Amino acid sequence: IPATSTIRVPVPPANLPSQTCELLVSGGTVNNAVEAGNDIAVITPTSPEVTVTLHVKVHPYSFKARILEAKPKISGSYPEEVAKWLENSQYISANGPQVQRALSELPGTDDAAKRVWDITMWLHRHIDYRTDNPWAPVEELVVRRFAECGGFTRIFCSIARASGIPARFAWVLVQVEKTLQVQPGHLKGHGIAEVYLRGVGWVP
């Protein structure tokens, strides 16, 4: 990279059970920052050219054993840094009548893992996968009954938050099969949800 100004590189989490990350930089110094909840490496050039290498290793991991051991409940308080993911945000709203109606259709439980499963099954039953105005309000998505990955994620997070379970939107990279746009094996952005379960942490 030509060293003309400060370079900002989004860095994936390095301390997940299923993921490690290593950032290598030559020709510059690195300072870490957090912006909108994302880790950012701020690189200040010390030479005319900067080389940035990011190694991310992802391996299979199951949260099942930890969830079964922790038996996380919905009721109770959360740490301040987690509780903020119960609040409404620009694209995720737990207070709308359609989200509340969807919540009322779920069986009552204080078992957080079961509620996450019930929300997932509700989505499979009621929302079709289709791309059209993907950033429509959550209430509109629930009424029209179709969404793409980002829409599915926002509906899920809205119902989870309405249930009292912290949930957040995450962008990930996935390997895709051949499509009209890309060849097999290429990476593509994908929206998923993460929920916070007591005794376990953030679970995708």
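Over the ring of which residue does the charged end of R168 sit? In this predicted model, the charged end of R168 is placed over the ring of W85, at 5.7 Å from the ring centre.

A pair of aromatic rings is described by two values, the distance of the centres and the angle of the planes. With centres required to lie within 6.5 Å, the count of aromatic pairs comes to 7. One of them joins W85 and W202, whose ring centres are 6.3 Å apart. The planes of W85 and W202 stand at 90°, and because an angle over 60 degrees counts as edge-to-face, the pair is placed in that class. The two residues come from distant parts of the chain, 117 residues apart. W85 is found in the loop between α2 (80-83) and α3 (97-104), whereas W202 is part of strand β10 (residues 201-203). W85 is partly exposed, at 22% relative accessibility. W202 is likewise partly exposed, with a relative accessible area of 22%.

Another aromatic pair is made by W135 and F169, with 6.2 Å from centre to centre. The angle between the planes of W135 and F169 is 35°, and the pair is tilted. W135 lies in the loop between β6 (128-129) and α5 (138-144), while F169 is in strand β8 (residues 167-175). The pair therefore ties together parts of the chain that are 34 residues apart in sequence. Both partners are partly exposed: the relative accessible area of W135 is 41%, and the relative accessibility of F169 is 23%.

Helix α3 shows how burial can be arranged around a helix axis. Its buried residues are V99, A102 and L103. Viewed down the axis of α3, these buried residues fall within an arc of 100°, so they line one face of the helix. In an α-helix there are 3.6 residues a turn, so residues three or four places apart point the same way. The face of α3 turned away from the buried side carries P97 and S104, which are exposed. The cover over the buried residues of α3 includes the helices α4 (112-126), α5 and α6 (149-163).

Note on methods:
Residues are numbered from 1 along each chain as its sequence is written. This is a predicted model: local features need pLDDT of at least 70, side-chain atom pairs count only at pLDDT 80 or more; totals for chains, interfaces and linings use all residues. Side-chain values use heavy atoms; hydrogens and water are left out. Rings of Phe, Tyr and Trp (its six-membered ring) pair if their centres lie within 6.5 Å; planes under 30 degrees apart count as stacked, over 60 as edge-to-face and the rest as tilted. Helices (H or I, at least four residues) and strands (E, at least two) are DSSP runs, numbered from the N terminus. Buried means under 20% relative accessible area, exposed over 50%, partly exposed in between (1.4 Å probe, protein chains only). A charge sits over a ring if NZ of Lys or CZ of Arg is within 6 Å of the ring centre and within 35 degrees of the ring normal. The arc is that of the directions from the helix axis to the C-beta atoms. Contact means heavy atoms within 4.5 Å.
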